[in-house]
Amino acid sequence: MSASSQALSAEEIVQLTCDLIAAPSENPGGTEAAAVAVLAAALEDIGARVSLSEVAPGRPNLFARIGPDRPGGVLFLGHSDVVPAGEGWSADPFTPRRTDTEIIGRGATDMKGGLAAVVAAMAAIHQQQLQIPVSLLCTVDEEADARGAQHYLQHADAHNYDACIVAEPTNLTTIIGCRGATNLHITVSGMSAHAGRPSDGASAILAATELIAAVEQDAARLAERPHPVLGAATWNVGQIQGGHGTSIVPDRCDLDIDRRLLPGEGPETILQQLLTASRDRVAAAQRPGWNRIRFDGMVEMTMPGFVTEPDASLVKIATDAVRDQGFPGTHDIWTASCEGGFIASHHRVPTIVLGPGDITGQAHQPDERVSINELIAAAAAYTSIALRIDNEVERAR
């Protein structure tokens with residue numbers, strides 16, 4: 001029997017995970033080309049039609065489909081990049097290690113294991129129902145600026161899919177929604193002076209404390225107005241750089257800020273509101289040189305969120321499929337963000353996040369690992385979900 005007509009075995013799922021780990025795709029610091037080549041070859045081996053679209057040199061998005069070219073079917077979504085390996089590993093992070101129960105290596109959980117499970121599911125679905133179209137979009141740059149997803153949106157038609165499954169690690173919990181995220185970069189400009197007479201200058205760092213106070217005040221307001229499904233929007237001041245020395249009044253301070261978004265919130269509006277509140281607070285404080293302080297900002301990245309209602313058919317199908325594999329089969333929301341919001345909005349398709357691995361306990365950490373049992377269960381659950389969705393669509397016709 002040819003590879004294109006049979007499902008992948010458990011051993012082949014493990015091997016593909018290892019092969020993907022062994023093709024480094026760090027972001028920043030590398031390219032995804034080697035990992036995409038491994039993924040493309042595996043997809044072609046099962047009979048999928050694969051196309052690549054270069055987002056930047058050495059950074060190709062991958063789109064693959066198996067089955068007929070018609071509307072409907074499931075779109076799987078993943079990404080080929082991984083965060084830099086960093087320090088603290090007990091062995092080479094890109095030489096995959098296998099125990100009786102786990103695979104260890106950078107990307108094992110986030111999310112090369114999930115990609116391997118998707119390939120296995122696509123093969124199994126095609127083996128059982130040739131008439132079902134199944135697709136995979138694998139983007140570059142998910143871990144940084146989502147340039148791959150945005151490139152896809154610029155070039156993709158609004159295809160009519162029945163469902164989107166984001167294969168990010170969720171411990172096989174069905175994630176029905178996540179908040180959006182935006183990264184803001186703020187520059188506070190002041191005026192230098194000798195620290196012996198600071199009143200001659202205007203401290204950008206002191207002015208930045210007013211911006212941080214504005215963030216804290218708004219965070220408290222947001223905490224009192226949670227979304228009924230997604231919870232509250234949040235702020236996090238992630239990085240501050242400023243000043244030139246202890247004896248110099250700082251003329252510049254830069255801040256990088258994370259803001260988690262709820263449906264209907266606009267990043268540019270949020271940015272302008274923060275800048276206005278910061279200017280008002282500086283004026284009210286009347287520190288030396290306050291009228292020389294300037295706040296400027298830009299939106300560096302935005303990733304939309306999404307919500308699929310808890311009682312949606314897709315949620316029941318997914319939780320039942322996971323339960324059939326011996327897992328709890330629960331649903332939840334996610335505190336992380338992912339590219340599912342791009343797809344949910346562009347294709348107007350019910351979307352969930354469901355995959356093998358632990359996003360909080362393993363992803364982005366030394367000795368990242370994924371459970372082999374979860375890999376196999378994920379592939380089986382994905383297969384079952386696609387088949388059940390197709391049956392439901394057929395009954396509705």
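Why are D320 and K316 separated by about one helical turn? The two residues are four apart in helix 7 (residues 313-324), and therefore about one helical turn lies between them. Helices (H or I, at least four residues) and strands (E, at least two) are DSSP runs, numbered from the N terminus. The model is predicted, so local features need pLDDT of at least 70 and side-chain atom pairs count only at pLDDT 80 or more, while totals for chains, interfaces and linings use all residues. Residues are numbered from 1 along each chain as its sequence is written, and side-chain values use heavy atoms, with hydrogens and water left out.

The side chains of D320 and K316 form a salt bridge, with N to O at 2.7 Å; the term stands for a side-chain nitrogen of Lys or Arg within 4 Å of a carboxyl oxygen of Asp or Glu. D320 also meets R323 in a salt bridge, at 2.9 Å from N to O. R323 and D320 are three residues apart in helix 7, which again means a separation of about one helical turn. K316 is exposed at 53% relative accessibility, and R323 is partly exposed at 41%. Here buried means under 20% relative accessible area, exposed over 50%, and partly exposed in between (1.4 Å probe, protein chains only).

The whole structure has 21 salt bridges. One of them joins R65 and D69, whose closest N and O atoms are 3.2 Å apart. R65 is buried, with 10% relative accessibility, whereas D69 is exposed, with a relative accessible area of 58%. Elsewhere, salt bridges link E32, R59, D141 and R147 in a network.

The largest nonpolar core contains 63 residues, and L39, L43, I46, L62, L136, Y382 and I385 touch the most other members. Such a core is a set of buried Ala, Val, Leu, Ile, Met, Phe, Trp, Tyr and Cys residues joined through side-chain atoms within 4.5 Å. Helix 3 (residues 108-128) makes the largest contribution to this core, twelve residues. Leaving out residues up to four places away in sequence, I385 touches I165, L314, I317, A318, A321 and L354, where contact means heavy atoms within 4.5 Å. A second, separate core has 26 residues, including V188, L222, L230 and L271.

The pockets can be followed from here. On a 1 Å grid over the protein atoms alone, a pocket is an open set of points where a 1.4 Å probe fits, with protein on both sides within 12 Å along at least five of seven lines; lining residues have an atom within 4 Å of a point. Grid points are joined across faces, edges and corners, and a volume is the space filled by probe spheres set on the points. The largest pocket has a volume of about 700 Å³. Its lining consists of 31 residues, and E143, D258, R260, S337 and H364 lie nearest the centre. Strand 9 (180-189), strand 10 (234-242), strand 11 (252-261) and strand 12 (294-303) are the elements that give two or more residues to this lining. Strand 11 has the largest share, with four residues. By class, the lining of the largest pocket has twelve nonpolar, ten polar and nine charged residues. In this scheme Ala, Val, Leu, Ile, Met, Phe, Trp, Tyr, Cys and Pro are nonpolar, Asp, Glu, Lys and Arg are charged, and the others, Gly among them, are polar.

The second largest pocket holds about 250 Å³ of space. Among its 16 lining residues, S51, F63, Y152, H155 and A156 lie nearest the centre. Strand 1 (49-56), strand 2 (59-66) and helix 4 (147-155) each supply at least two residues of the lining, and strand 2 gives the most, four.

Some backbone features remain. Most residues other than glycine have a negative phi, and most peptide bonds are trans. H364 has a positive phi, near 65°, and lies in the loop between strand 15 (351-353) and strand 16 (369-371). D367 is in the loop between strand 15 and strand 16, and its phi is also positive, near 55°. H364 is partly exposed at 43% relative accessibility, while D367 is buried at 15%. A cis peptide bond joins N27 and P28, with omega about 0°; P28 sits in the loop between helix 1 (10-21) and helix 2 (33-45). Another cis peptide bond joins D110 and M111, with omega about -10°, and M111 lies in helix 3.
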